[in-house]
Amino acid sequence: MTEDMHNGNLYLPMDKAILKEQEAAQELLYDYNQTRPGDHDKRQQLLKQMFAEVGVDTYIEPTLHANFGGKHLHFGSHVYANYNLTAVDDTHIFVGDYTMFGPNVTLDSATHPILPELREKVYQYNLPIRVGRNCWLGAGVIVLPGVTIGDNSVIGAGSVVTRDIPANVVAVGTPCHVMRNINERDRHYYHQGREIDWSKIK
């Protein structure tokens, strides 16, 4: 049954073995969310226990919400997540190095069939999510099952990402669509007419 969680097949998430595994994972998540702001070492230790993989200097502001307590999360190094990251990690979610999440971002790998008879029986299926290296997902972004976001791309606040987004673009909207490529102008201006003073960039 648990292999069906990760191969896109329909399965019943209320299986006793699955629920037992999920509850054990959420115990660690509960501990993580009860840490104090100064408990840096404890947080890092818990992340290593909770996540499938976590790199160096990855920082996640509590409260973190995760269906499997992070058990199926693969985060690289120097990832930052602001408050209330929700990772519906019923299957694997991959996040590259240096990626940033604004507050209230949702990464949702789980979904249900359209057919009412199957939903009534609580059938579910999961599709992995992949967020590339050095991406930025603004506040309130929702990423749906099976989506891949390419390296360096920026997803505007409040967007709902229903399909793959290529690398090196700015994408916005509901459903999320590519607005433009990241270009040479972005090397000169960080916001509208505000210039980047490269002499002050460390």
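Trainee: Which residues are buried in α1?
Mentor: Ile18, Gln22, Ala25, Leu29, Tyr32 and Asn33 are buried in α1. Buried means under 20% relative accessible area, exposed means over 50%, and partly exposed lies in between, with a 1.4 Å probe and protein chains only. Note that this is a predicted model, where local features need pLDDT of at least 70 and side-chain atom pairs count only at pLDDT 80 or more, while totals for chains, interfaces and linings use all residues. Residues are numbered from 1 along each chain as its sequence is written, and side-chain values use heavy atoms, with hydrogens and water left out.

Trainee: What do the buried residues of α1 pack against?
Mentor: They pack against α2 (40-50), β2 (59-60) and β3 (65-66). Contact means heavy atoms within 4.5 Å.

Trainee: What makes residues 16-33 a helix, and how does the span of α1 compare with the expected value?
Mentor: Helices are DSSP runs of H or I with at least four residues, strands are runs of E with at least two, and both are numbered from the N terminus. Helix α1 has 18 residues. The expected span is 1.5 Å times one less than the number of residues. For α1 that expectation is 26 Å, and the first-to-last C-alpha distance of 25 Å is close to it.

Trainee: Which residue caps the N-terminal end of α1?
Mentor: Asp15 does. A side-chain oxygen of Asp15 lies 3.1 Å from the backbone nitrogen of Ala17. A polar contact is a pair of N or O atoms within 3.5 Å; within protein, one must be able to donate a hydrogen and the other to accept it, and residues adjacent in sequence count only if both atoms are side-chain atoms.

Trainee: On to cysteines. How many disulfides does the rule give?
Mentor: A disulfide is a pair of cysteine sulfur atoms within 2.5 Å. By that rule the count is zero. Cys135 is in no disulfide, as the nearest cysteine sulfur, that of Cys176, is 11 Å away.

Trainee: Why is Cys135 called buried?
Mentor: Its relative accessibility is 1%, so Cys135 counts as buried. Cys176, at 3%, counts as buried too.

Trainee: Where is Cys135, and what does Cys135 touch?
Mentor: Cys135 is in the loop between β12 (129-131) and β13 (136-137). Leaving aside neighbours within four places in sequence, its contacts include Tyr98, Met100, Ile149 and Asp151. Cys135 and Val79 are 56 residues apart in sequence, yet their C-alpha atoms are 9.6 Å apart.

Trainee: Why is Ile165 called buried?
Mentor: Ile165 has 4% relative accessibility, so the label holds. Ile165 lies in the loop between β17 (160-161) and β18 (169-172). Beyond neighbours within four places in sequence, its contacts include Thr148, Ala171 and Cys176.

Trainee: What about Thr91: why is it called buried?
Mentor: The relative accessible area of Thr91 is 1%, so it is buried. Thr91 is found in the loop between β6 (86-88) and β7 (93-95). Not counting residues up to four places away in sequence, Thr91 touches residues including His6, His72 and Asn126.

Trainee: Now the sheets. What order do the seven strands take?
Mentor: The order is β2-β5-β8-β13-β16-β18-β19, in an open sheet with mixed pairing. Two strands pair if DSSP finds at least two bridges between them.

Trainee: What makes β2 and β19 edge strands?
Mentor: Each pairs on one side only.

Trainee: How do β5 and β8 run?
Mentor: They run parallel, joined by two bridges. Ala81 stands opposite Phe101 in β8. By contrast, β18 and β19 pair in the antiparallel sense over four bridges. Val169 stands opposite Asn181 in β19.

Trainee: Which residue in the hairpin of β18 and β19 takes a positive phi?
Mentor: Gly173, near 105 degrees. The hairpin has four residues between the strands.

Trainee: What is the order of the five-strand sheet?
Mentor: The order is β3-β6-β9-β14-β17, open, with parallel pairing. The edge strands are β3 and β17.
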